[in-house]
Amino acid sequence: MFELLHAMMKEEWRIHSTMFGSISFALFPVMIFGIAFMGAFLVPLMQSALPAGNLALTLHSSYLMLGIMVGGFGLLGNEVMNRRFGQASLLAYSARSLPLTAQHIFATFVVKDTIYYFFLWVFPFGIGYLAASPFTGTPLTGGLLLLLTLTLAFLSGLCTIFFLSTIWARSRLLFWLLLLLGTAAASLVVVAGTNPALLFPPLALYRTFSWDSLVATGVVLVLLFVVAIALFSPEPVGSEKRHRDLYLPLLQRLRALPDPALAAKDIVDLYRSGGLVGQMIFSFFLPLLVIWFFLSLLSPAFPPHGLLLMFAIVTGVVASTMYTWVTMFDSFGPYACLPVSVSRLISAKLTMFALLQVLPALFIAGAAILSGETAYLVPAVVLGLAISFYAVAVMAWLAGLSPNVLVYDVKVLFLNMVLTGVAIIAMTALAFAEPYAALGSVLLLIPAWFFVQKAKTRWDAVDPAGF
Amino acid sequence: MTIVLETRDVSKNYGDVQAVNGVTLAVEEGALFGLLGPNGSGKTTMIRMLTGQTRPTGGSAKVLGIDVTEDPVGIRSRVGIIPEQETPPSFLSAMEYLRFVAAIRKIPDIEKKADWWFDFLDFADKKDVLCKDLSRGTRQKLMFTQAFIHEPALALIDEPLINFDPIMQDLVKDYLAGYVKKGRTIFLSTHILEVAEEICSEFAILHKGTLLHTGTIADLTGRGDHLPSFFLSLVRKDRHV
């Protein structure tokens with residue numbers, strides 16, 4: 001077990017460091033440390049602006065989301081790895097060549113993901129906060145407790161997503177039943193007048209620490225992991241199932257698009273890989289439901305109508321990651337024998353991305369209607385989509401066809417955060433000042449167009465990267 | 001004779017690694033040209049440069065009169081390519097992949113042409129199977145098909161026989177020999193010397209990125225030599241040097 005774990009750790013490191021250099025990647029946790037260290041000095045300021053406890057809530061929910069995202073990516077399967085990294089073969093998919101069971105390999109993979117991403121994301125943040133504590137006057141125990149509960153929040157996301165995706169692979173019915181039960185239970189708690197956030201064990205532990213609660217939380221997490229591993233079913237290989245032709249009808253239907261040949265291929269990829277449904281559930285609807293829930297707890301801190309507009313902005317940011325859905329199954333390799341340039345591929349992926357934007361538009365419209373804010377439906381939808389198109393243009397410029405991989409390049413991440421952060425802050429201020437002024441966010445499409453043009457020139461000039 | 005492919009002092013570095021070092025070559029129309037060399041000699045890098053997948057770090061190269069750095073997509077639209085490692089997209093069936101290639105290359109009558117290739121390479125029963133579920137050999141048949149289905153004036157093919165069984169190798173060798181008889185050109189990269197000797201008209205030997213020799217098979221056999229022994233003596237001598 002230890003040899004395999006060690007090898008998987010090295011493999012994960014090499015995947016990242018091969019793509020953008022060891023030093024650049026090694027700087028990633030340093031940057032997280034820096035953000036936490038400097039952020040710790042802003043805590044008193046933020047606490048005066050936010051109602052008590054909301055900062056802790058935001059932090060814990062962010063780490064819950066992080067766990068969900070890491071777990072989701074880990075489970076995307078061999079195909080993603082092969083398409084993204086060309087002929088790379090990963091240990092996680094070597095059950096046929098190693099004398100180990102698929103369960104054994106998956107368990108090691110889960111442990112590897114937990115440890116690796118803990119040291120990449122969680123530990124540097126906790127240590128950054130701890131390192132600042134002598135200067136900010138925060139008690140050392142407070143910092144240590146935060147490190148512990150953020151770790152638990154991260155693990156909650158990770159093991160929940162492993163558990164849910166294993167259930168999804170086994171039985172769609174059971175998955176929906178579990179989701180329905182969870183939603184019903186949360187609704188009951190809300191109706192009973194209890195703050196449901198306090199039922200999130202890591203946050204409850206942070207507010208009132210007790211050894212019993214810690215042990216109970218640990219037991220629940222371990223149980224979820226164990227069930228996920230026990231029920232894990234490896235994807236079948238070598239089946240020669242016949243498939244009816246989807247490509248030709250799609251090609252004919254998409255004639256109006258600029259590049260129907262590539263668009264039809266992308267749709268078939270998304271549909272057949274299960275990526276569309278999986279991504280919609282795990283990378284879009286579930287995170288946005290969680291975000292809506294946490295944002296609604298923060299609503300007293302927002303101006304009137306601020307909750308809907310804030311949700312539209314966050315939905316826009318999450319929706320921009322749909323670009324990763326359409327790029328994850330592709331490396332440039334399969335196109336290298338065809339007369340296709342990188343810029344043409346980027347355009348095609350952005351066209352697909354634009355088609356998928358119907359989902360966030362509907363989602364924001366639904367949120368506006370359900371929250372009784374129909375009057376602000378249009379500015380909210382425009383705001384969300386403008387943010388999404390702007391953020392994806394920045395992503396295309398910074399990462400080309402490899403956003404899933406280059407996100408761990410510290411330079412790319414930093415520039416992405418700055419460029420989208422500035423737009424988000426400006427649009428938030430505008431929308432909070434006057435909800436209809438959010439319509440002005442369409443102006444973001446001008447820099448977005450500029451970034452897309454720059455992306456095409458930039459990535460055409462670079463040799464398409466293999467693994 | 002028209003020169004369809006030429007390189008002048010072309011080089012490629014990957015950081016400190018010199019993959020190709022000042023290679024000068026010319027390939028005439030109608031030739032079946034074999035680029036030979038041991039593993040890691042720079043053959044695949046040469047093909048990648050000639051098809052515009054990677055830019056040379058020195059020298060120049062032209063394919064069908066087009067500079068590889070100026071219009072790589074223009075080159076790829078006029079040639080056929082079999083890359084050494086790439087496989088067809090996983091979630092398309094074999095037939096869908098050929099439709100996709102046809103849509104990109106604007107090939108008419110794809111149904112009829114695809115059926116001819118499915119029959120010729122004996123994989124009609126796999127036309128509706130997803131590429132990810134095909135065996136290596138069948139994937140190679142599909143890659144071979146996509147490279148030749150538009151009957152390009154020049155095909156650059158990297159180890160095209162490597163996953164084929166002996167029967168299929170024989171069939172494909174005959175096809176390649178017949179293809180150049182129609183006045184088209186093939187640039188074949190391989191380390192299977194017996195195949196090269198059997199079907200190539202001209203050859204070049206590359207070792208550690210450097211061109212060791214260019215010549216014709218006819219000259220070689222005319223002086224009673226054989227490609228495998230000539231190749232081994234040349235490479236061993238160079239290795240010793």
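Student: Which residue takes a positive phi in the hairpin of strand 1 and strand 2 of chain B?
Tutor: That's Gly15(B), with a phi near 65°. The hairpin has 2 residues between its strands. Keep in mind that this is a predicted model.

Student: OK, and in what sense do those two strands pair, parallel or antiparallel?
Tutor: Antiparallel, over 8 bridges. Strand 1 of chain B covers residues 3-14, and strand 2 of chain B covers 17-28.

Student: What's the bridge partner of Glu6(B)?
Tutor: Ala26(B), in strand 2 of chain B.

Student: Switching topic: how many residues of chain B are in contact with chain A?
Tutor: 32 residues of chain B, and they meet 29 residues of chain A. On the chain B side, helix 2 (72-78), strand 6 (79-82), helix 3 (94-105) and helix 5 (136-148) each supply at least two residues.

Student: Which of them gives the largest share?
Tutor: Helix 3 of chain B, with 8 residues.

Student: And how does that side divide into nonpolar, polar and charged?
Tutor: The chain B side has 16 nonpolar, 7 polar and 9 charged residues.

Student: Now chain A. What does helix 13 span?
Tutor: Helix 13 of chain A runs over residues 306-320, 15 residues in all. From first C-alpha to last it reaches 21 Å, close to the 21 Å expected at 1.5 Å a residue.

Student: Why call that helix largely enclosed?
Tutor: Because 12 of the 15 residues of helix 13 of chain A are buried, the rest of the structure largely encloses it. Among the buried ones are Leu307(A), Phe311(A), Ile313(A), Gly316(A) and Ser320(A).

Key: Residues numbered from 1 in each chain as written. Chains lettered and ligands numbered in written order. Predicted model: local features only at pLDDT ≥ 70, side-chain atom pairs only at ≥ 80, totals over all residues. Contact = placed C-beta atoms within 7 Å. Helix = DSSP H or I, 4+ residues; strand = E, 2+ residues; numbered from the N terminus. Nonpolar A, V, L, I, M, F, W, Y, C, P; charged D, E, K, R; others polar. Pairing = 2+ DSSP bridges. Expected span 1.5 Å × (residues − 1). Buried ≥ 20, exposed ≤ 12 C-beta atoms within 10 Å, placed from the backbone.
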